[in-house]
Amino acid sequence: MNTPNFAKEDILNAFNFRHATKEFDATKKVSDEDMKFILETAHLSPSSFGFEPWHFIVVQDKELRELLKPVAWGAPLKLDTASHFVLGLSMKAPMVKHDSEYIMHMMKDVKQLPQEVIDMYSTFYREFQERDFDLDTDKKLFDWSSKQTYIALGNMMTAAALTGIDSCPIEGFHQEKAEALLKEKFGVDTDKYGLSFMTAFGYRKADPEFGKSRRNFEDIVTFM
């Protein structure tokens with residue numbers, strides 16, 4: 001396979017273009033092709049041990065969007081104006097614990113690893129959870145899953161920016177109430193999945209009032 005050749009300037013331009021869009025132009029829609037491309041970058045995203053502890057729900061139904069408003073104080077304007085609205089779900093403890101059926105399914109059926117490799121992976125993964133990262137509670141395991149799902153979020157927003165599409169990541173929601181709603185109205189098994197974030201995609205209604213502000217590069221990077 002040939003090594004991809006991307007212009008560094010174009011990538012940096014995309015990062016400078018991207019901002020947390022508060023209001024979208026409701027008259028403009030992201031094409032099905034472009035949205036599929038954005039979601040495919042989530043599909044292809046890396047995750048710890050390659051276990052992909054995520055699921056993404058694209059909420060286009062207006063009635064379902066309305067239901068989200070009372071439990072998501074940071075989302076109402078985006079729910080009204082975004083072309084596409086994505087819920088990022090992460091797997092809970094029963095799914096990602098080292099001895100779960102899902103983990104075995106990933107190694108055996110998805111990765112199709114030989115049994116000796118499965119045995120080795122299982123040992124590494126158990127030691128990673130029990131010793132290295134001390135993932136000894138359900139909350140710690142869900143937080144670990146969320147870390148992986150955020151990788152996919154970053155990739156989706158970058159892919160969108162590279163194609164001139166705006167986005168906004170949203171953590172402004174009540175997690176317990178939101179998950180109760182997802183269970184009741186969206187058919188989500190909340191014993192297996194929790195809500196990590198919401199994300200809106202579309203086209204900005206106006207350019208941001210202020211330019212991008214960041215700390216100095218030297219303040220965040222140390223070469224040793």
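**A covered strand and its neighbours**

Strand β4, which spans residues 193-202, is mostly covered, since ten of its ten residues are buried, where buried stands for under 20% relative accessible area, exposed for over 50% and partly exposed for the range in between, with a 1.4 Å probe and protein chains only. This is a predicted model, in which local features need pLDDT of at least 70 and side-chain atom pairs count only at pLDDT 80 or more, while totals for chains, interfaces and linings use all residues. Residues are numbered from 1 along each chain as its sequence is written, and side-chain values use heavy atoms, with hydrogens and water left out.

Strand β2 (residues 84-91) pairs with β4 in the antiparallel sense over eight bridges, pairing being assigned if DSSP finds at least two bridges between two strands. Within this pair, Val86 has Thr199 of β4 as its bridge partner. Strand β3, residues 166-170, also runs antiparallel to β4 and is joined to it by five bridges, with Ser167 having Phe201 of β4 as its bridge partner.

Turning to the whole protein, there are ten helices and four strands, which are DSSP runs numbered from the N terminus (helices H or I, at least four residues; strands E, at least two). Along the sequence they follow the pattern α-α-β-α-α-β-α-α-α-α-β-α-β-α. The C-alpha atoms fill a box of roughly 55 × 50 × 35 Å along the principal axes, and buried residues make up 42% of the 224 residues. Of the contacts (heavy atoms within 4.5 Å) with a separation of 6 or more, 80% are accounted for by residues 24 or more positions apart.
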